[in-house]
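This report describes selected features of the structure shown below. Please keep the sequence and the model in view while reading.

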Amino acid sequence: MSLLDVVGPVMVGPSSSHTLGVLRIARFVHKFMKGVPEKVKFVLHGSLADTGFGHGTDKALLAGIMGMRADDERIRDSIEIAKNVGLRYSFEIEDLGEVHPNTVLIIAWKNGKKVEVQGSSIGGGKIEINRINDCECQVNWEYHTLILVIKDLPGAIGNILENVSVNISNLYLKRIDAIERIAVAIVETDEEVKEECLEAIEKNSYVLEFYHVGRDEDAL
Amino acid sequence: MCWNFTMWGVMRMRFEDFINEEKRGRKLPDVILEREMRETGVPIELLRREMVKLLNVMLEESTKQYGKRQRTLSEMAGENGYLMANHRAKMLSEFSHTATTVALSLAESNAAMGRVVACPTGGACGIVPAVLYALKVHMNASMDELLNAFIVAGGLGWVIEKNATISGAEGGCQAEIGTAAAMASALLVYYFTHQGERCAHGAAIALKSMLGLVCDPVGGFVEVPCVKRNGIAVNIAISSAEMALAGIESVIPFDEVVEAMYRVGRSLPESLRETGMGGIATTPTARKIVMEMKKHKKFKW
Ligand code: SF4
């Protein structure tokens, strides 16, 4: 931990793993989907399922999926706000297997698309996104994050990454459809990727889908 | 600059090292910020600005929540800050009364999903702001003085985090509320003396008095006993700081007390580390309260 992690951060209570961490996971999904989904299902595992009830976890998840920041005072009213904006949501408890005790699986729907993101709140407000759709990863959202669905062809990834002029810190690659030849790539960079680079990536002929999640404003 | 390296090449961190730098004529807050810059690469000016932000939120929330009734998640707490604020203290000084009220109020605001600074955690969020606010109100402390004392408190908490833990789940409540009390004590001593060595004595005395404190929240809610522990711990911070100001020294140096705290934490059974399965949490009354809550299905998904 750094000094600033010890004396902070600013958050809404009651606990960094039950509110701050899960809010950040849900907000990651919000950024990934470029807005509030039409429908969302939260599947809670382990300690989130046991003690999460009534501990504000539900409110933090809803606040995050609606894009609220960690110190937003509307978090405590997020259930009413979700109802007002017509967000259809549900909570379920399920054993997600060998995962961190504070893990949540978020399934969200928007414009006919379905997204699945699984993340763990690993303490002190830190998170680890461990699965995005079928791609397993270890994204802590402290870097600038790009998610790409690409053609799984020789040279594709090199060709695409040529457009990224900043230092790449982590790269995850997973083939999701061998017949259609489709793969998912998650790219984490130290610095923000420039606007023109983003445009170039989006136009690249190997890129089928492109999501610019960015870096969490609440990460120090 | 002379830092000690352990055999793995990882920089060790002792409060004593900070004090030694101070003895070479440097200012303690500068020494601490420089260390953070070395570790994270974040420039000192930016760090200072971040610290000011946190300090401002602490003071703002202290003013806003002072003596306010709160509707907490489990409703086991919510009136304590209000009652304390409306009580004329018979024994506590005005300073301590204000600090106690702030500590209770902020801990209750945390339990009601209010905005807090997790210093060092949400459960212990009332203690450090309580002494900052009391210094501002009763000593007319300037923002600069408060900031420097806050950085020293942060450095001291950082040493605890590096050599032990600040998480109740790992080390019990002594690691959370105990750390906050040690930080608040150091903060007060630094404000009055600007001497790192005396801060270490104040902090050591505070942490020693909290050694062995278990984490046993009823129903897993950060309310009982957490809220009142904030109110008590701030008084331990104040009295241990007062002792340090009087020239009383801790026989056992601060860094050794931290190691002792860690050893105690590791020997606590899991039932006494935030699981809600021991201590206060398993008393007959606590069980009854939790059963009632479940019966009313107030917390069904
Ligand atoms: S009892 Fe546990 S949850 Fe409550 S303040 Fe202490 S460490 Fe935190």
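**Domains of chain A**

Domain bounds here come from an automatic or database domain assignment. On that basis, chain A consists of domain 1 (1-132) and domain 2 (142-220). The C-alpha centres of domain 1 of chain A and domain 2 of chain A are 24 Å apart.

The model is predicted: local features need pLDDT of at least 70, side-chain atom pairs count only at pLDDT 80 or more, and totals for chains, interfaces and linings use all residues. Residues are numbered from 1 along each chain as its sequence is written, chains are lettered from A and ligands numbered from 1 in the order in which they are written, and side-chain values use heavy atoms, with hydrogens and water left out.

**The contact between the two domains**

Contact means heavy atoms within 4.5 Å. By this criterion, 13 residues of domain 1 of chain A are in contact with 12 residues of domain 2 of chain A. Buried area is the accessible area (1.4 Å probe) that two parts lose on being put together, summed over both. Between domain 1 and domain 2 of chain A, this area is about 1,300 Å², and carbon and sulfur atoms give 52% of it. In domain 1 of chain A, the residues that lose the most area to domain 2 of chain A are A:Arg24, A:Lys31 and A:Phe32, which together make up 37% of what that side buries.

A salt bridge is a side-chain nitrogen of Lys or Arg within 4 Å of a carboxyl oxygen of Asp or Glu. Six salt bridges are counted between domain 1 and domain 2 of chain A. A:Arg24 also forms a salt bridge with A:Asp216, in which the closest N and O atoms are 2.5 Å apart. Helices (H or I, at least four residues) and strands (E, at least two) are DSSP runs, numbered from the N terminus. Helix H1 (3-7), helix H2 (16-32) and strand S6 (126-132) of chain A each supply at least two residues of the side of domain 1 that touches domain 2. H2(A) gives the most to that side, with five residues.

**A buried valine**

A:Val213 is found in strand S11 (residues 207-214) of chain A. Is A:Val213 buried or exposed? With a relative accessibility of 2%, A:Val213 counts as buried; buried means under 20% relative accessible area, exposed over 50%, and partly exposed in between (1.4 Å probe, protein chains only). Leaving aside residues up to four places away in sequence, A:Val213 touches A:Phe28, A:Lys31, A:Phe32, A:Trp141, A:Thr145 and A:Ile147.

Most residues other than glycine have a negative phi, and most peptide bonds are trans. The peptide bond from A:Gly13 to A:Pro14 is cis, with omega near 5°, and A:Pro14 lies in the loop between strand S1 (10-12) and H2 of chain A. In chain B, the peptide bond from B:Val224 to B:Pro225 is cis, with omega near 5°. B:Pro225 is placed in the loop between helix H10 (196-210) and helix H11 (226-245) of chain B.

A:Asn111 has a positive phi, near 45°, and is not a glycine. This residue is in the loop between strand S4 (103-110) and strand S5 (113-123) of chain A, and A:Asn111 is exposed, with a relative accessible area of 62%. B:Met113 has a positive phi of about 60°, and B:Met113 is buried, with a relative accessible area of 1%.
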